[in-house]
Amino acid sequence: MLGICRGRRKFLAASLTILFVPAITWIYLFAGSFEDGKPVSLSPLESQAHSPRYTASSQRERESLEVRVREVEEENRVLRKQLSLVQSRGPAHHRGNHSKTYSMEEGTGDSESLRAGIVAGNSSECGQQPAVEKCETIHVAIVCAGYNASRDVVTLVKSVLFHRRNPLHFHLIADAIAKQILATLFQTWMVPAVRIDFYDADELKSEVSWIPNKHYSGIYGLMKLVLTKTLPSNLERVIVLDTDITFATDIAELWAVFHKFKGQQVLGLVENQSDWYLGNLWKNHRPWPALGRGYNTGVILLLLDKLRKMKWEQMWRLTAERELMSMLSTSLADQDIFNAVIKQNPFLVYQLPCFWNVQLSDHTRSEQCYRDVSDLKVIHWNSPKKLRVKNKHVEFFRNLYLTFLEYDGNLLRRELFGCPSEADVNSENLQKQLSELDEDDLCYEFRRERFTVHRTHLYFLHYEYEPASDNTDVTLVAQLSMDRLQMLEAICKHWEGPISLALYLSDAEAQQFLRYAQGSEVLMSRHNVGYHIVYKEGQFYPVNLLRNVAMKHISTPYMFLSDIDFLPMYGLYEYLRKSVIQLDLANTKKALIVPAFETLRYRLSFPKSKAELLSMLDMGTLFTFRYHVWTKGHAPTNFAKWRTATTPYRVEWEADFEPYVVVRKDCPEYDRRFVGFGWNKVAHIMELDAQEYEFTVLPNAYMIHMPHAPSFDITKFRSNKQYRICLKTLKEEFQQDMSRHYGFAALKYLTAENNS
């Protein structure tokens with residue numbers, strides 16, 4: 001298509017040359033220019049032409065120019081001949097910007113020219129290809145199931161959003177896991193002019209479960225076959241993509257190709273770039289029937305309305321049933337069945353140029369799809385090896401993929417100029433809340449953070465949890481940033497139960513975490529740890545938002561609200577499960593306190609019993625938590641009583657109390673107005689007390705805080721006076737809100753604060 005544009009430009013330039021060069025040249029030489037009947041000099045030499053001194057040189061100059069004119073005339077004659085030949089051949093031979101071209105853009109399904117080694121050019125058929133309307137919605141369908149595929153979808157979507165100029169409507173055929181992850185992600189991403197619809201993949205299993213499939217994609221790899229039945233009946237066309245696709249251009253260019261379909265063409269596909277369907281990869285290799293090299297279904301253009309009229313469902317089912325009688329199973333999932341149908345009905349296919357699906361599996365002919373970076377449109381990592389695939393230019397492709405993998409998704413929230421987004425209630429409410437804030441307020445940034453919507457990717461890694469039969473299970477809840485990753489392995493060794501973690505990371509840091517986790521035997525052996533990524537935005541660490549995210553996505557009836565810097569005692573998980581039963585936590589509003597201690601030593605021989613811990617306290621190896629800087633935070637725990645306690649005991653709330661507690665999963669959330677350092681846990685414990693939770697200290701439980709460098713937020717608190725002023729203001733506002741919400745009973749919090 002780019003070749004056509006270039007061909008037409010050459011044609012125009014050549015025509016102009018033929019028309020004007022001879023005329024200008026002959027005017028220059030012979031016509032001259034006359035003014036008042038006298039020749040006007042056109043050359044510095046001509047003013048002296050009648051001088052004997054310059055006669056010989058002038059003659060030589062004139063003869064030289066005459067020779068040049070004859071050369072130009074000869075060049076024009078050759079040009080005319082070439083142009084006449086080009087015009088007689090027609091425009092089909094101008095498709096492509098390579099030395100070799102091909103004519104498969106007509107979509108006949110005939111791949112003989114490609115099998116002969118002819119390569120497509122990177123084209124856009126300027127002047128002929130109908131443009132996509134400015135605000136026309138482009139529909140994209142993706143089948144996605146599981147935790148890993150959900151991560152892949154995000155990278156694919158980033159690459160599409162980066163280049164797009166049109167509204168997008170994603171149709172996601174997803175299982176329950178992927179739906180939970182992606183629904184939350186897109187809801188918190190809040191990208192303008194993007195709509196998401198989900199279709200239950202589990203309901204579609206019965207449609208394809210009768211087909212044995214050896215491909216690693218499993219049953220979900222067959223679901224593209226039923227899109228005509230799954231997607232809305234009024235949807236006429238859709239681009240179908242695998243999750244391992246990366247776009248290097250505007251998807252509207254691919255959408256525009258629909259206009260080039262003719263006759264009964266209903267499937268837009270790129271020819272398969274491996275020798276799989278030729279059946280010569282190994283001895284006795286017997287692939288499914290295909291037309292020539294076959295077609296790859298990583299990128300499909302579907303004309304849904306025509307497919308339905310052709311009774312596509314009946315067509316592919318009959319073909320699959322017939323072939324399975326001899327093939328027994330599919331090797332490449334839906335791709336085998338698509339190719340078998342096309343083999344019988346080649347008129348269905350419009351063959352796309354191969355740069356729309358550059359297939360990076362081993363031993364492919366993908367290098368013939370491009371000569372330059374500008375030739376690339378879509379990259380397809382269609383090998384189980386993914387980024388480890390062997391390819392001459394794999395380093396370049398890998399870097400392009402990693403660019404989108406680590407790209408800041410917040411930057412893709414840009415509006416489409418001139419294309420109004422659909423009204424979104426959440427977005428409108430957010431804008432209203434932000435507009436009510438006073439931007440001149442010195443604490444504006446603190447207040448604004450409360451309403452910031454952070455993009456959230458739940459269950460970033462594979463997660464499995466089997467509910468306990470006795471309904472006493474407890475999840476450890478914590479939050480962290482990149483500088484606390486080293487605590488994860490130690491916590492997993494100390495706590496064998498389920499864990500819910502919210503990690504505050506950038507897109508690039510999320511990939512660093514992924515590599516860290518995948519390289520850790522300890523973390524990879526634990527499938528009951530839910531890692532939830534909350535992406536960075538703004539200048540504060542949203543500590544209470546992170547806690548709320550981790551709390552909201554637990555699978556157990558109880559949770560232990562901890563911090564990442566603490567190591568629970570060995571056996572605490574089982575001890576808490578017994579305590580839940582003993583103290584009837586299911587039917588009472590109790591908060592079970594796990595006493596907190598700390599060490600100043602980076603290397604610690606962790607106490608294996610309460611007796612050993614008391615001994616270390618007496619020796620000065622351990623201390624009660626923050627006894628030297630913030631005594632009030634844990635003083636109500638009554639450590640003196642705990643030393644000798646053998647049964648749980650009740651304590652009363654006091655100002656600034658912030659213990660670590662075990663509660664039911666229905667306890668109130670943390671208040672989001674508190675960010676960074678200061679009052680984030682204090683406010684939550686105050687809320688529990690206002691809701692009449694009973695604080696009970698566990699006599700044989702403990703946790704130990706491990707030393708670390710001061711956080712950035714505590715440094716800001718200590719060094720920034722305005723930070724401290726704003727924190728005080730937020731505290732006062734929180735207490736006033738408590739009084740309004742809980743009435744007379746909440747007055748004690750104001751009194752306690754004044755007396756403390």
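This is a predicted model: local features need pLDDT of at least 70, side-chain atom pairs count only at pLDDT 80 or more; totals for chains, interfaces and linings use all residues.
Let me start with helix α4, which is mostly covered, since 13 of its 17 residues are buried. Helix α4 runs over residues 147-163, and from its first C-alpha to its last it reaches 26 Å, which is close to the 24 Å expected at 1.5 Å a residue.

What does α4 pack against? One partner is helix α5, residues 176-189, and the axes of these two helices come within 9 Å and cross at roughly 35°. The contact is made on the α4 side by Tyr147, Ser150, Val153, Val154, Val157, Lys158 and Leu161, and on the α5 side by Ile177, Ala178, Ile181, Leu182, Leu185, Phe186 and Trp189. If you sort those residues by class, you find twelve nonpolar, one polar and one charged. As for its handedness, the crossing of α4 and α5 is right-handed.

Let me step back for a moment to the whole protein. Its secondary structure comes to 25 helices and 25 strands, and of its 756 residues, 54% are buried. If we take the contacts with a separation of 6 or more, 79% of them are accounted for by residues 24 or more positions apart.

Now to a second pair of helices, α10, which covers residues 312-327, and α11, which covers residues 334-344; their axes are 9 Å apart, and they pack at an angle of about 100°. Because angles of 65 to 115 degrees count as roughly perpendicular, α10 is described as roughly perpendicular to α11. Helix α10 brings Trp312, Met315, Trp316, Thr319, Ala320, Arg322 and Glu323 to the contact, while α11 brings Ile337, Phe338, Ala340, Val341 and Gln344. Divided by class, the residues of this contact are eight nonpolar, two polar and two charged.

From α22, the residues Ala683, Met686, Glu687 and Ala690 meet Phe734, Met738 and Tyr742 in α24. By class, this contact has six nonpolar residues, no polar ones and one charged.

How many residues of α22 are buried? Eleven of the eleven are, so this helix is largely enclosed by the rest of the structure. The buried residues of α22 include Lys681, His684, Glu687 and Asp689, so do look at these side chains when you turn to the model. After the helix comes Glu692, whose phi is positive, near 70°.

That brings me to backbone angles. Most residues other than glycine have a negative phi, and most peptide bonds are trans. With that in mind, consider Asn471, which is not a glycine and has a positive phi near 60°; its place is in the loop between β13, residues 456-457, and β14, residues 474-481. Asn638 is likewise not a glycine, and its phi is positive at about 65°. You will find Asn638 in the loop between β21, residues 623-624, and α21, residues 639-644, and with a relative accessible area of 33% it is partly exposed.

Where is Glu133 found? Glu133 sits in the loop between α3, residues 112-115, and β3, residues 138-144. Its relative accessibility is 56%, and therefore Glu133 counts as exposed. Glu133 and Asn166 are 33 residues apart in sequence, and from C-alpha to C-alpha they are 8.4 Å apart in space.

Glu652, in turn, lies in the loop between β22, residues 649-651, and β23, residues 660-664. Glu652 is exposed, because its relative accessible area is 52%, and exposed means over 50%. Along the chain, Glu652 and Thr696 are 44 residues apart, and their C-alpha atoms are separated by 8.9 Å.

Technical notes
Residues are numbered from 1 along each chain as its sequence is written. Side-chain values use heavy atoms; hydrogens and water are left out. Contact means heavy atoms within 4.5 Å. Helices (H or I, at least four residues) and strands (E, at least two) are DSSP runs, numbered from the N terminus. Ala, Val, Leu, Ile, Met, Phe, Trp, Tyr, Cys and Pro count as nonpolar, Asp, Glu, Lys and Arg as charged, and the others, Gly among them, as polar. The expected span of a helix is 1.5 Å times one less than its number of residues. Buried means under 20% relative accessible area, exposed over 50%, partly exposed in between (1.4 Å probe, protein chains only). Axes are lines fitted to C-alpha atoms, for helices over the stretch in contact, and angles run from 0 to 180 degrees between N-to-C directions. Angles under 35 degrees count as roughly parallel, over 145 as roughly antiparallel, 65 to 115 as roughly perpendicular and the rest as oblique. A crossing is left-handed if the near helix is turned anticlockwise from the far one by less than a right angle, and right-handed if clockwise.
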